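I opened the model and kept notes as I went. Entries follow in the order I looked things up.

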Amino acid sequence: MVDSLSLKPEAAAPAHAPAVKRGRGRPQPPRGSLRSRREAWAAHLFLVPWFLGLFLITIGPIVASLYLSFTDYSLLDEAKWVGLDNYVTLFTEDPRFWTSLKVTTIYVVVSVPLQLGFALGLALLLDRGLRGLSFYRSIYYLPSLLGGSVAIAILWRKIFGADGLVNAVLAIFGIQGTSYVNNPDTALGTLILLHVWTFGAPMVIFLAGLRQIPGSYYEAASIDGAGTLQQFKSITLPLLTPIIFFNLVLEVIKSFQSFTQSFIVSNGTGGPTDSTLFYTLYLYTKGFKDYEMGYASALAWVLVIIIAGLTGVNFLASKYWVFYGDSK
Amino acid sequence: MATVSSRNPVLYRRRVSRGAKHLMLIGFGLVMLYPLLWMISSSLKPEELIFREPGLLPSKITFDNYTEGWTALAHPFSYYLWNSAVITALSVVGNLVACSLAAYSFARLNFPLKKLWFALMLGTIMLPFHVVIVPQYIVFSQLDMINTIWPLILPKFLAHDSFFIFLMVQFIRTLPRELDEAASIDGAGYWRTFFRVILPLCTPALATTAIFTFIWTWNDFFSQLLYLNNPDNFTVPVALRTFLDSSGESSWGPMFAMSIIALGPIFGFFLAGQKYLIRGMATTGLK
């Protein structure tokens, strides 16, 4: 069954390690033998680019940004150690930080469940030998490839603008609309719609998951007299929970880091009145507009902790609703 | 046909419900694609008609928006397309080379601390890139690499997109080990085995990597906005943003026209590589 999500390191290592050791009966050279040393040497050579990347552009910068988050640094002067000042300011004296956190949280909490709901609903409609499946799948999948681009954000701004598509359609019914992107009450809503519009990617994953459920389960259930709804509740949904979970973790992480949409739709300001000030947009403004690199690093670390926390909560909560079959 | 169905009520009902389902799916698909279709049709309309006609069929077709948009910025739009193409092509090459090398090592070879490195590799997939962006920017600016393509392509040659390593590891694991053993008996070393045996069999995974890298790099805005400040280096997304900035609430026609040109290559790759895109999503999600 589809039980190993394999994206979480702790889960992945034990799941894969035995497979490597078993190696389909391949005899392992004894440790320290010439052959195993040659193999280790070759393995490291293959990994040279990755090792360089890991240390130079991942681990190094992580350590550096942790250090910078305790400093005042503007790229021109020397970094000045300020201790916890950045974090204290962030939490106690920076209303824009809280606004950006609130805006992003609303965005994630509303758009991700809606997006996954559409993804699951359409995957269920498309499953089971529907004619033209691949055609529909392509149509629904296309927006998730385009959704992150500047071009689509520009289009969105015009669809929901004062004289945009939505209002042109409303005008047919004699309704006079306003600009939805310039109204603080609706601006975030337009971005949420944009995210929901990209439900195709999780839908494709759901479809692949549905295909893994053996048809014999449904046959057995219908012999036992279970109706469509009963089958959905007792077979499809439980067996799909690992994939719902996978999509949930992935989309929460991804949407918490959204940037392009809010940047383009609000013209880089997060406006109107900070109603679309995404967290990453605020970080960008602080770091690369105001050149407060230390402060931006503190923001980045708070983001990491939030995302780690959300992912942790997701994993903890998964114990109560994700069904892993008999294998676990 | 109708007579058969009307004689058999169960069959008839099933056919009607299937027809309704298709109608619903097509209707929903149209709603989904309407914004895109509207943008295409708007790009062909004279400016003053764009917002008076919410329909898809332009009453008057003109290519003025395209010619006007093409030359609206400091350079002709082809200039930005070329810049984007160079960065995208190099990114694809970088990811293919660096990620496949790492993936072969993780999937097939044994070495000390392998589990630890593998776990670290998986961990970096989830890492928000904002946590490294500030120091990376500082380093690249001290190396005088701002306004060059290096900050954008160097990470690809260092296998920074570990998602693709994971994808290829998953793929290589499905290949029978007997192939490696046969190659080894024939006297092939690790390099030859990788290059002659594993790599050719990895074509589907390589294709998935290439297509995804292409689309993500082509669409990428954040790092291009960050590292490219000189109009001579602008790529398509940054150029579009400048266009939006400079023209404010006017010249939507030319802007739509250039947006469509910007989306064109993605659409092309989508049509050509659907199979790999969808298979790639499914395997990394489920395997």
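**Entry 1: one residue of chain A.** I began with A:Phe288. It counts as partly exposed because 18 C-beta neighbours lie inside 10 Å. The scale I used places C-beta atoms from the backbone and calls a residue buried if 20 or more other C-beta atoms lie within 10 Å of its own, exposed if 12 or fewer, and partly exposed in between. A:Phe288 sits in helix α14 (residues 279-289) of chain A. Helices here are DSSP runs of H or I of at least four residues, strands are runs of E of at least two, and both are numbered from the N terminus. I also checked A:Phe288 against A:Asp127: they are 161 residues apart along the chain, and 47 Å separates their C-alpha atoms.

**Entry 2: ground rules.** This is a predicted model, in which local features need pLDDT of at least 70, side-chain atom pairs count only at pLDDT 80 or more, and totals for chains, interfaces and linings use all residues. Residues are numbered from 1 along each chain as its sequence is written, while chains are lettered from A and ligands numbered from 1 in the order in which they are written.

**Entry 3: the A-B contact.** I found 66 residues of chain B in contact with 79 residues of chain A (contact: C-beta atoms, placed from the backbone, within 7 Å). Helix α14 (residues 252-286) of chain B gives the most to chain B's side, with 13 residues. That side divides into 49 nonpolar, 13 polar and four charged residues. Here Ala, Val, Leu, Ile, Met, Phe, Trp, Tyr, Cys and Pro count as nonpolar, Asp, Glu, Lys and Arg as charged, and the others, Gly among them, as polar.

**Entry 4: domains of chain B.** An automatic or database domain assignment sets the bounds. Domain 1 of chain B is 2-62 and domain 2 is 68-286. Their C-alpha centres lie 35 Å apart. Seven residues from domain 1 and six residues from domain 2 make the contact.

Entry 5: Is B:Ala74 buried or exposed? It counts as exposed, because it has 12 C-beta neighbours inside 10 Å. B:Ala74 is in the loop between α3 (64-70) and α4 (77-108) of chain B. Its C-alpha is 9.5 Å from that of B:Ala239, 165 residues apart along the chain. B:Ala239 is one of the buried residues in α13(B), which also include B:Val236, B:Pro237 and B:Phe243.

Terms used: Contact = placed C-beta atoms within 7 Å.
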